[in-house]
Amino acid sequence: MYIKQIKKKNKNSDKEYIYYRLIHGYKIGNKTRHKNILNLGKLEGVDKTQYKALADRIEELVTGNSNTLFADEQTSTSIESLAQEFSKKIITEKLFVTTPLNKKSISKEVSRNYQEVDLDTIEQIESRNIGGEWLMKQAMQKLGIEKILSGTGMSKEEILFAQMLLTAKAIHPSSELETERWLHENSATKELYNINEKVSRYRLYKAATQMYDYKADIDNQLYNNVSNLFSNKSKIVIYDLTNMYFEGQMLGSKKANFGRSKQKQTGSKLIGLALSIDSLGFVRYSKFYKGNISEPATFETMLSDVVSAMNVTNEKPVIVMDAGIATEENLEIIKSDKYGYDYVCVSRTIPKQYDKLTDKATAITDNRDHKIELTKVSVEGKDDCFLHIKSSQKKKKEESIDEKLTERLEAQLQDIKDKLPKPRALKKTEKVHEKVGKIKAKLSRVGWLYNIKYTEDKEKGIVTDIVWERIKEREKPKGEYFLRYTKTAVSENDIWQVYNLTRDVEAVFRCLKTDLDIRPIYHQIDEFIEPHIWLGIIAYQIVNYIRTTLKDNNINYSWTTIVQKMQSMQSSIVSVNNNNNEKIYIKLCTRPTTDQIKIFNTLNFKHRPFVRKTKVVPQL
């Protein structure tokens, strides 16, 4: 088949139209004949040099002939998409039929494996997911996971189990018991790693603890491998602390403690996780703490550990952190003679007096085109530099939140006031004060702005009236905050961009907790708790490599979306009986979709682990 250009003139004007046809050439005796198969339209967006590839690919799809094992890997995403569209139309409308009656034959000689089979015996024996597993396996090969684990002294079998466990953590995050079921019933992971034996949860526990014994070495080597794949080796250290909650009483854990849960789980024990990442979101450092640890108290340990693993001879790192960790004590540690590094953080307090260092604010927009104004200022008594931020969108958000909370608080106060004259209503002085105090505490964001006065009947010990007033002087300007930093030879925009990197560590926590689902934690002893979370972090490193590479090519899928797009790729086994009393087993891998091809091509990965495998077994 080939593509032919057709020119056509309008009868009523001299205007010329160009479109393309798919032509099939065949021979009758010594004569060559041509048949129009399909009008392809204008083929906009397809270069002329790709016409042959498109025609060849359509022919392969229509006739089922392919000379290469991975024929679809040789075509681009756009050509593959068009070929699939056109071939579907040709097959559906029966525009091309290769039968002896037509005396048509294609020019390519392809070996065929013809068998006479009983169609009534065709049966699909099993079908398993293989797309996400194949993606993870190739990503781990790219990052040298096998070599890193081999360096720890783990055996080949132990390394295979470790890789299967990491695959499960990324694609089907769950307990080891659920992972055992998933590997046996839903996933083709065992097939990819040639594991025929049963994978028990106890082997998975062992693989997790074995890897965790070499946590420091694996962390360092993996980070070096993953960062070497990207040109910009960042000297930026972004630090934050989060916590995760447990299910159960956690009587066997020494680190599980009650504390302030960031997931609002007030009745559950927690474990703390400190992470430091670079500007691309890769984890430099991780450490576990008791659930009631405070954010500032973890900082110096992190700084010492991270910096010791960095080469800081040429350029000192920049420490980026949020207000919760940026205490005066921690800032002094960073600036001390021991470290002497630069930092960027949110100021924990709003300066009451400051002087503008520039007459006009620098106007920029965020990634959603919302206006932001940046002004350098100096604060009396502080050696650091400050950047005054005014965000129009943040102002709208804070005003909306303030309005809703204000309405709730005043409505509840009004409800108490309206019921005071009624019998059997809440009116005792102590109870009213207690009730109002709870309301202010629950709505503390606006509660502290109010001055509430009570009219009391001291003889009866009751409140007869309540009056409240919002104190304007206590209100802070909305949509405004200050960044504090040490570098002076940088622009306002540069400081703003550096601080925006704190959103990356929030994205890491979000991916770990949501996409990789590492909480809540069901393990009951520390021996398994820390490996469970840490394996999630290692899986995140692999996931972030995939996502960062895709982002560099303008593919901004979340990990959940990528996994869902990969689920349609299946490994299946089909059986059928032939006329020789033999059963034919055919193992097939689904042809990748357009989106899957796009992802694999961007990562420079192979599309499929295999296409077709056939086995003939005599019937007994």
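Let's start at helix 11 (residues 328-335), where Asn330, Leu331, Ile333 and Ile334 are buried (under 20% relative accessible area with a 1.4 Å probe, protein chains only; exposed is over 50%, partly exposed in between). Helices here are DSSP runs of H or I with at least four residues, and strands are E runs of at least two, numbered from the N terminus. Seen down the axis of helix 11, the buried residues fall within an arc of 155 degrees, so they line one face of the helix; the arc is taken from the directions from the helix axis to the C-beta atoms.

A word on the model: it is predicted, so local features need pLDDT of at least 70 and side-chain atom pairs count only at pLDDT 80 or more, while totals for chains, interfaces and linings use all residues. Residues are numbered from 1 along each chain as its sequence is written, and side-chain values use heavy atoms, leaving out hydrogens and water.

Glutamate 332 is partly exposed at 45% relative accessibility, and lysine 335 is partly exposed at 30%.

Now follow the charges to arginine 484, which forms a salt bridge with aspartate 384 at 2.6 Å between the closest N and O atoms. This pair links distant parts of the chain, 100 residues apart: arginine 484 sits in strand 16 (residues 480-485), aspartate 384 in the loop between strand 12 (371-379) and strand 13 (385-391). Arginine 484 is buried, at 7% relative accessible area, and aspartate 384 counts as buried at 7% too. Through shared partners, salt bridges join Glu328, Glu332, Lys335, Lys382, Asp384 and Arg484 into one network.

Notes:
Salt bridge = Lys/Arg side-chain N within 4 Å of Asp/Glu carboxyl O.
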